[in-house]
Amino acid sequence: MYLNITGTIFLSGAFVAVVGGLYWSRANLIGGYAAMLSGAAGAIIPFFFLHWDANKVGFCAFGMAFAGLLIGSLFGKAPAPQLSAAE
């Protein structure tokens, strides 16, 4: 149970931030931090305070991490376009 919860705390935010950063051009630093924080909160609050089982906690953590990335990236500053070396 310890490894399940500690893994969910880190992995939910990290996985969403990495995948969102790779495949969504609007993702930015604020969205990544928001994904990490909301993913951790989505794992800690339901497990320790609401006493949910581990499966519900995992779904909640990944859902909140995705929402954190989405909201944080939309409210944050859009990343500057990258120039290639040929230009």
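Start with helix H1 (residues 2-23) and H3: their axes are 9 Å apart and the packing angle is about 30 degrees. Since angles under 35 degrees count as roughly parallel, H1 and H3 are therefore roughly parallel to each other. H1 passes H3 in a right-handed crossing. On the H1 side, the contact is made by Asn4, Ile5, Thr8, Leu11, Ser12, Gly13, Phe15, Val16 and Gly20, while H3 brings in Ala54, Val57, Gly58, Ala61, Phe62, Ala65, Phe66 and Leu69. Sort the residues of this H1 with H3 contact by class and you get eleven nonpolar, six polar and no charged.

A quick word on what you're looking at: this is a predicted model.

Helix H2 (residues 29-49) and H3 have axes that come within 7 Å and cross at roughly 155 degrees. An angle over 145 degrees counts as roughly antiparallel, and H2 and H3 are therefore roughly antiparallel to each other. The crossing where H2 passes H3 is right-handed. From H2, the residues making the contact are Ile30, Gly31, Gly32, Ala34, Ala35, Ser38, Gly39, Gly42, Ala43, Pro46 and Phe47; from H3 they are Val57, Cys60, Ala61, Met64, Ala65, Gly68, Leu69, Gly72 and Ser73. By class, the contact of H2 with H3 holds twelve nonpolar, eight polar and no charged residues.

That leaves one pairing. How far apart are the axes of H1 and H2, and at what angle do they pack? The axes are 8 Å apart, and the angle is about 155 degrees. H1 and H2 are therefore roughly antiparallel to each other, and their crossing is right-handed. Here Ile5, Thr8, Ile9, Phe10, Ser12, Gly13, Ala14, Val16 and Ala17 of H1 meet a set from H2: Gly32, Ala35, Met36, Gly39, Ala40, Ala43, Ile44, Phe47 and Phe48. The contact of H1 with H2 comes out at 13 nonpolar, five polar and no charged residues.

Let's zoom in on one of those H2 residues. Alanine 40 lies in helix H2. Is alanine 40 buried or exposed? Its relative accessibility is 18%, and because the cut-off for buried is under 20%, alanine 40 counts as buried. Leaving out neighbours within four places in sequence, alanine 40 is in contact with Ile9 and Ser12. Alanine 40 and isoleucine 5 are 35 residues apart in sequence, with 9.7 Å between their C-alpha atoms.

Serine 73 has a relative accessible area of 0% and is buried. Which residues does serine 73 touch, not counting those up to four places away in sequence? The answer is Trp24, Arg26, Ala27, Asn28, Gly31 and Gly68.

Asparagine 55 lies in helix H3 (residues 54-75). With a relative accessible area of 55%, asparagine 55 is exposed. Asparagine 55 and asparagine 4 sit 51 residues apart along the chain, and their C-alpha atoms are separated by 9.7 Å.

The other one is histidine 51, found in the loop between H2 and H3. Histidine 51 has a relative accessible area of 65% and is exposed. If you like backbone torsions, check this one. Most residues other than glycine have a negative phi. In histidine 51, though, phi is near 60 degrees, a positive value in a residue other than glycine.

Finally, step back to the whole chain. Of the 87 residues of the protein chain, 34% count as buried. The accessible surface of the protein chain comes to about 6000 Å², and 74% of that belongs to carbon and sulfur atoms. Take the contacts between residues at least 6 apart in sequence: 76% of them join residues at least 24 apart.

How values were computed: Residues are numbered from 1 along each chain as its sequence is written. This is a predicted model: local features need pLDDT of at least 70, side-chain atom pairs count only at pLDDT 80 or more; totals for chains, interfaces and linings use all residues. Side-chain values use heavy atoms; hydrogens and water are left out. Buried means under 20% relative accessible area, exposed over 50%, partly exposed in between (1.4 Å probe, protein chains only). Contact means heavy atoms within 4.5 Å. Accessible areas come from the Shrake-Rupley method with a 1.4 Å probe; for residues, only the protein chains shown count as cover. Helices (H or I, at least four residues) and strands (E, at least two) are DSSP runs, numbered from the N terminus. Axes are lines fitted to C-alpha atoms, for helices over the stretch in contact, and angles run from 0 to 180 degrees between N-to-C directions. Angles under 35 degrees count as roughly parallel, over 145 as roughly antiparallel, 65 to 115 as roughly perpendicular and the rest as oblique. A crossing is left-handed if the near helix is turned anticlockwise from the far one by less than a right angle, and right-handed if clockwise. Ala, Val, Leu, Ile, Met, Phe, Trp, Tyr, Cys and Pro count as nonpolar, Asp, Glu, Lys and Arg as charged, and the others, Gly among them, as polar.
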